[in-house]
Amino acid sequence: MQEKYIDETKQGEAFAIAERPENSKKLFLESYGCQMNFSDSEIVASILNDQGYNTTLKVEEADLILLNTCSIREKAEQTVRMRLAQFKRLKKEKPSMTVGVLGCMAERLKTKFLEEEQLVDLVVGPDAYRDLPNLLQETEDGRDAINVILSKEETYADINPVRLGGNGVTAFVTITRGCDNMCTFCVVPFTRGRERSRDPHSIIEECKSLMDNGYKEITLLGQNVDSYLWYGGGPKKDFVKASEMQKATAVNFAQLLDLVAKAVPEMRIRFSTSNPQDMSLEVFKMIAKHDNICKYVHLPVQSGSNNMLLAMNRQHTREEYLDLIKKAKEIVPDIAFSQDMIIGFCNETDQDHEDTLSLMKEVEYDYGYMFAYSERPGTPAHKKMEDNIPADVKQKRLAEVIALQGELSRKRMQSYVGRNHQVLIEGTSKKNKKQWKGRNSQNAVCVFDVLEGQKIGDIVDVFVYDNTQGTLLGRTAE
């Protein structure tokens with residue numbers, strides 16, 4: 001899989017599901033940002049499906065337009081604002097239409113959207129989706145509606161998400177919500193609230209349901225999955241107050257992985273996103289123990305410099321991170337890693353940048369998500385630090401990081417050549433409809449010729465004979 005440099009100006013993704021004949025209203029639901037947002041959109045669609053809404057891909061026929069937003073980077077917000085301006089013009093032609101904002105931007109920009117700029121009728125935070133029916137009633141009565149209250153309990157564990165779009169093969173299962181890690185650059189703790197974990201029984205039941213419905217791979221999802229801790233409910237920070245019985249019967253992430261792997265042995269299991277400070281070696285031991293847990297971990301480091309890690313309030317050092325990687329490779333020799341990297345954070349020096357490049361070379365990531373730093377209002381960095389790295393310096397350093405990751409990606413892809421891999425067929429290749437596209441355990445994309453009898457959802461032994469920078473080229477093994 002090739003390195004990722006995200007185009008934040010890209011329009012969000014809209015999905016539709018099969019219609020219920022009895023539903024008379026139309027919902028246009030567009031999602032931006034992280035996988036958590038797309039997973040939340042499935043929860044929203046499920047709630048509104050029960051309220052008489054069918055999804056549509058045609059915005060002009062919608063009775064209700066909802067944008068599930070991301071507040072992580074500035075360009076994502078600019079894109080949403082432009083989109084809302086389009087909908088405002090559309091609403092003049094169709095005054096009965098309701099427009100709303102969900103997710104991370106909802107909490108942060110609630111007053112601007114509703115009162116100052118009058119772009120929307122409805123603002124709903126990530127923990128208030130159950131309140132959507134009541135809020136929609138308020139808009140029908142001619143009032144602006146808002147609920148951005150953050151919860152210490154809400155996990156939507158009892159809601160069975162509808163599956164928007166997708167390939168019918170892979171699905172997300174949310175296991176945690178919120179985040180307690182106060183990284184200075186990040187707005188998530190302020191928009192998604194305190195970290196809390198979902199009941200493991202509900203997670204297992206959702207995984208089993210997906211298996212029964214033909215899905216072949218699940219990704220356990222959370223802002224920080226390694227920090228998963230179920231002790232009967234409530235924020236993770238309150239675990240210290242739990243009873244001795246609750247502490248003795250608590251389930252951590254490694255134990256959850258073990259439970260899920262045993263419950264759905266025919267399904268592949270992935271997880272995202274991980275945090276180095278919370279990742280335990282027990283997780284890697286579970287990967288080694290179970291064949292159906294994929295040998296791939298997305299482990300964001302953000303910088304290779306201890307100075308930057310301290311300024312970012314990352315609770316790990318460069319040395320601790322590299323030691324974790326080393327031990328993980330000893331436990332799971334063929335494991336693959338990917339990274340998140342922020343370039344040009346406050347006060348970053350040339351030496352800090354060189355430290356990032358050297359760490360990348362030592363880890364040898366398969367691919368990465370790389371960004372130039374943009375300060376987010378409300379974060380500790382915005383309040384207390386100066387964004388003092390010139391834009392041209394940021395872009396120069398970013399280009400160097402992207403170029404290095406390209407070299408590392410090609411090297412890693414080359415390491416997979418000359419042997420067989422089990423590849424889950426997820427669909428046809430965009431470039432050649434006579435070829436399948438899928439991923440191996442290490443999350444590397446592989447394309448190979450379609451053979452009679454093969455179908456989407458099959459796991460096929462594929463011999464990889466060559467590679468590009470981001471793709472494995474293979475053929476069905478004999």
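1. A cavity here is a set of points, on a 1 Å grid over the protein atoms alone, where a 1.4 Å probe fits but cannot get out, and its lining residues have an atom within 4 Å of a point. Grid points are joined across faces, edges and corners, and a volume is the space filled by probe spheres set on the points. With these terms, a search of the whole structure returns 1 cavity of 30 Å³ or more, and the largest cavity holds about 70 Å³ of space.

2. The structure is a predicted model, in which local features need pLDDT of at least 70 and side-chain atom pairs count only at pLDDT 80 or more, while totals for chains, interfaces and linings use all residues. Residues are numbered from 1 along each chain as its sequence is written, and side-chain values use heavy atoms, with hydrogens and water left out.

3. The lining of the largest cavity includes Ser39, Ile43, Tyr156, Phe172, Arg198 and Glu206. Helices (H or I, at least four residues) and strands (E, at least two) are DSSP runs numbered from the N terminus; helix H1 (35–49) and strand E8 (170–174) each supply at least two residues of this lining, and E8 gives the largest share, 3 residues. By class, the lining divides into 6 nonpolar, 3 polar and 3 charged residues, where Ala, Val, Leu, Ile, Met, Phe, Trp, Tyr, Cys and Pro count as nonpolar, Asp, Glu, Lys and Arg as charged, and the others, Gly among them, as polar.

4. Two strands are taken to pair if DSSP finds at least two bridges between them. On that basis 3 strands form an open sheet with parallel pairing, in the order E15-E16-E17, and its edge strands, each pairing on one side only, are E15 (296–298) and E17 (367–372). The twist from one strand to the next averages 10°, with axes fitted as lines to C-alpha atoms (for helices over the stretch in contact) and angles running from 0 to 180 degrees between N-to-C directions. E15 and E16 (residues 336–343) pair over 3 bridges in the parallel sense, and Tyr296 has Ala336 in E16 as its bridge partner. Helix H15 (residues 391–415) packs on this sheet and touches E16 and E17, its direction making about 175° with that of E17; contact means heavy atoms within 4.5 Å.

5. Elsewhere, 5 strands close into a barrel of mixed pairing, in the order E18-E19-E20-E22-E21, and neighbouring strands of this sheet are turned by 50° against each other on average, direction ignored. E19 (residues 435–439) and E20 (residues 445–449) pair over 5 bridges in the antiparallel sense, with Gln435 opposite Asp449 in E20.

Conventions. On a 1 Å grid over the protein atoms alone, a cavity is a set of points where a 1.4 Å probe fits but cannot get out, and a pocket is an open set with protein on both sides within 12 Å along at least five of seven lines; lining residues have an atom within 4 Å of a point.
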